[in-house]
Amino acid sequence: MALKATIYKVDLSVADMDRHYYGDHGFTIARHPSETDERMMVRVLAFAMYADPALGFGKGLCVDDEPDLWQKDLTDVIERWIDVGQPDEKWIRKACGRAREVVVVSYGRAADIWWSGVRDKLARQSNLTVWNLAADAAPALATLVDRSMRLQCTLQDGQVWVTNGRDTVLVEPVRLMGA
């Protein structure tokens, strides 16, 4: 018998001082049985970094041709394609051909090794932005996990503060590529 996804309810308030975006988002996020709390929370962080009413979660790990998050316009054109982790460079190039903007949020101890292996192969992708999180960022975000989460994210001057009202995590994404 196959394991089922674990469902989490998230109420997310975003105050992005850099983009002048302020919004409240309520969503349900499914954590695939093979997904960690860390990866799920990096997906939530990526949502906060690019928050928009049209941004939504893809089907994730169980579907091969969808990103972790994406934003489509009213004609179903993919405006923004967001993946977390260390996707294959062929997958990233394919995404760059399908979407106007592609974002990768890498994290974990192997992120530097991954980036050194794909950086030159992705140099021509003008619509690609790559972020890297410090090795301790994802584990710190995972401490905020609860089946019903109320999170506030404040983004300012390259810092992201995430709090659940009891604990606060500071994440400082580093831009490796892109404008």
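How many bridges pair strand E1 (residues 6-16) with E2 in the antiparallel sense? There are 11 bridges between E1 and E2.

**What you are looking at**

This is a predicted model, in which local features need pLDDT of at least 70 and side-chain atom pairs count only at pLDDT 80 or more, while totals for chains, interfaces and linings use all residues. Residues are numbered from 1 along each chain as its sequence is written, and side-chain values use heavy atoms, with hydrogens and water left out.

The protein has 4 helices and 11 strands; helices (H or I, at least four residues) and strands (E, at least two) are DSSP runs, numbered from the N terminus. Along the principal axes, the C-alpha trace spans about 45 × 45 × 40 Å. The radius of gyration is 16 Å, which agrees with the value near 16 Å for a compact globule of 179 residues. That radius is taken over C-alpha atoms, and the globule rule is 2.2 Å times the number of residues to the power 0.38. Buried residues make up 47% of the 179 residues. Here, buried means under 20% relative accessible area, exposed over 50%, and partly exposed in between (1.4 Å probe, protein chains only).

Two strands pair if DSSP finds at least two bridges between them.

| Hairpin | Residues between the strands | Turn residue with positive phi |
|---|---|---|
| E1 and E2 | 4 residues | His 20, near 60° |
| E8 and E9 | 2 residues | Asp 157, about 50° |
| E9 and E10 | 4 residues | Gly 165, about 100° |

Start with E2 (residues 21-31). Its covered face holds Tyr 21, Gly 23, His 25, Phe 27, Ile 29 and Arg 31, and its uncovered face holds Tyr 22, Asp 24, Gly 26, Thr 28 and Ala 30. Gly 23 in E2 stands opposite Val 14.

Now move to E9 (residues 159-163), which runs antiparallel to E8 and is joined to E8 by 5 bridges. Within E9, Trp 161 is the bridge partner of Thr 154. E9 also pairs with strand E10 (residues 168-171), again in the antiparallel sense, over 4 bridges. Val 160 has Val 171 in E10 as its bridge partner, and Val 162 stands opposite Val 169 in E10. Both Val 169 and Val 171 belong to the covered face of E10, whereas Thr 168 and Leu 170 form the uncovered one.

**A cavity**

What lines the largest cavity? The lining consists of Met 41, Val 44, Leu 45, Leu 151, Cys 153 and Val 162. On a 1 Å grid over the protein atoms alone, a cavity is a set of points where a 1.4 Å probe fits but cannot get out, and lining residues have an atom within 4 Å of a point.

Helix H1 (37-49) and strand E8 (148-156) each supply at least two lining residues, and H1 gives the largest share, with 3 residues. The lining divides into 6 nonpolar residues, no polar and no charged.

**The cysteines**

Cys 153, met above in the cavity lining, is buried because its relative accessibility is 3%. Cys 96 is buried too, at 8%. The structure holds 0 disulfides, a disulfide being a pair of cysteine sulfur atoms within 2.5 Å.

Note on methods
On a 1 Å grid over the protein atoms alone, a cavity is a set of points where a 1.4 Å probe fits but cannot get out, and a pocket is an open set with protein on both sides within 12 Å along at least five of seven lines; lining residues have an atom within 4 Å of a point. Ala, Val, Leu, Ile, Met, Phe, Trp, Tyr, Cys and Pro count as nonpolar, Asp, Glu, Lys and Arg as charged, and the others, Gly among them, as polar.
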